[in-house]
Amino acid sequence: MWFPFAGGMVILDEEGIILLAKGVQFQDIDDLMVVELLVFREAILFCLSHGFLVVRFEGDAQVVIKKILRADARDTRMGAILEEVVQHFANHSGYDL
């Protein structure tokens, strides 16, 4: 039996006020690390499309957060997606983990 993976993210402004609490479910992905990274990407794209320039992202996938902070795109499971997320953080100084 197939069980979809889901991930969640909380986005806060600079004062700690919650801007968005988001959950995303994926049917065709069976790697929780990839799911968590895709949730980060969805949250970033949400912030960009809504003009949120100074935000803090909170998630419970510490391994993914550490990879983003180290700009570690060597993980072939997540390479292209991780590189995209790392670039968003590099290009938007108001984004924090």
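This is a predicted model: local features need pLDDT of at least 70, side-chain atom pairs count only at pLDDT 80 or more; totals for chains, interfaces and linings use all residues.

Guide: Happy to. Residues are numbered from 1 along each chain as its sequence is written, and side-chain values use heavy atoms, leaving out hydrogens and water.

F46 also counts as partly exposed, because its relative accessibility is 22%. There are four aromatic pairs in the structure. In the pair of F46 and F52, the ring centres are 6.0 Å apart and the planes stand at 50 degrees, so this pair is tilted. F57 and F89, by contrast, pair edge-to-face, because their planes are at 70 degrees, with centres 5.5 Å apart. This second pair links distant parts of the chain, with F57 in strand β3 and F89 in helix α3, 32 residues apart. For reference, rings of Phe, Tyr and Trp (its six-membered ring) pair if their centres lie within 6.5 Å; planes under 30 degrees apart count as stacked, over 60 as edge-to-face and the rest as tilted.

L20, found in strand β2, has F46 among its contacts beyond four places in sequence, along with M9, V10 and I11. Contact here means heavy atoms within 4.5 Å. The C-alpha atoms of L20 and F46 are 9.2 Å apart, although 26 residues separate them in sequence. L20 counts as buried because its relative accessibility is 17%.

Now to the helices around this part. Helices (H or I, at least four residues) and strands (E, at least two) are DSSP runs, numbered from the N terminus. Helix α1 covers residues 32-49, and its end C-alpha atoms are 26 Å apart, which agrees with the 26 Å that its 18 residues should span at 1.5 Å a residue. That expected span is 1.5 Å times one less than the number of residues. After α1 comes G51, with a positive phi near 75 degrees. Among the buried residues of α1 are M33, L37, F40, A43, I44 and C47. Their cover includes strands β1 (5-13) and β2 (18-26) as well as helices α2 (62-70) and α3 (79-91).

Helix α3, which carries F89, meets α1 through residues that include F89 itself: I81, L82, E84, V85, H88 and F89 face V34, L37, L38, R41, I44, L45 and L48. The axes of α1 and α3 come within 10 Å and cross at roughly 35 degrees; axes are lines fitted to C-alpha atoms, for helices over the stretch in contact, and angles run from 0 to 180 degrees between N-to-C directions.

Stepping back, the chain has three helices and four strands, in the order β-β-α-β-α-α-β from the N terminus. Of its 97 residues, 40% are buried.

Notes:
Buried means under 20% relative accessible area, exposed over 50%, partly exposed in between (1.4 Å probe, protein chains only).
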